[in-house]
Amino acid sequence: MKILHTSDWHLGQSFMNNDREEEHQLALDWLVDLIKKQKVDAFILAGDVFDIGNPPSYARRLYYDFLKKLIKTSCRHIIITGGNHDSPSMLNAPAELLKAFDIHVIGAATGNLSDEIISLKSESGALEMVIAAVPFLRERDLRYSVAGESGAEQAKHLRKAIVGHYHEVAKLMEGYKGKNIPV
């Protein structure tokens, strides 16, 4: 199985008061061509799809046009996780619809760790690979703030919550050991 992993597209970004639409379009076209030429089976976009939580409409169009082109290639699995620049609710809004095209979107941690475990199956339904698709972990997704906490205490508790999250995801992934598949 061939996997292509990307991140940090920052669609919608302006640089020196100039949008980067044309540059991003060229990069996405190149990426689709690469996926076709290399016959990529699985594509991962790990965070910062957009530059801001409410990106301009042209940035959203670039994103959806890319996905539309991608599903017409050899790429059978698409996994997208939210980054610190992304709005989890904006990424997650079409998640159920995109799942019909085998596009998995995890905009934020949900409290249900199994949402972050993606099983990739062959066309015949055999398990080929399992991916832990952990999005950017925001404090509000992991813990509640405590009144009177100092900044240092808050940071300490957040680090502990992040480590705990990854530890629990790793425990879920252990269930796939011995199945002779990549995890």
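**Sheet, helices and aromatic pairs**

Author: Both tryptophan 9 and phenylalanine 43 are buried, where buried means under 20% relative accessible area, exposed over 50% and partly exposed in between, with a 1.4 Å probe and protein chains only. This is a predicted model in which local features need pLDDT of at least 70 and side-chain atom pairs count only at pLDDT 80 or more, while totals for chains, interfaces and linings use all residues. Residues are numbered from 1 along each chain as its sequence is written, and side-chain values use heavy atoms, with hydrogens and water left out.

Reader: Why is the pair of tryptophan 9 and phenylalanine 43 classed as it is?

Author: Rings of Phe, Tyr and Trp (its six-membered ring) pair if their centres lie within 6.5 Å, and planes under 30 degrees apart count as stacked, over 60 as edge-to-face and the rest as tilted. By this rule the count comes to five aromatic pairs. In the pair of tryptophan 9 and phenylalanine 43 the centres are 6.2 Å apart and the planes stand at 45°, so the class is tilted.

Reader: Which parts of the chain does this pair of tryptophan 9 and phenylalanine 43 link?

Author: Helices (H or I, at least four residues) and strands (E, at least two) are DSSP runs, numbered from the N terminus. The two residues are 34 residues apart and link distant parts of the chain: tryptophan 9 lies in the loop between β1 (3-6) and β2 (14-15), and phenylalanine 43 in strand β4 (residues 42-46).

Reader: In what order do the four strands of the open sheet lie?

Author: Two strands pair if DSSP finds at least two bridges between them. Four bridges join β1 to β4, and five join β4 to strand β5 (residues 77-81). With parallel pairing, the order of the open sheet is β1-β4-β5-β6.

Reader: At about what angle does α2 run to β5?

Author: Axes are lines fitted to C-alpha atoms, for helices over the stretch in contact (heavy atoms within 4.5 Å), and angles run from 0 to 180 degrees between N-to-C directions. Helix α2 lies across β4, β5 and β6, and its angle to β5 is about 155°.
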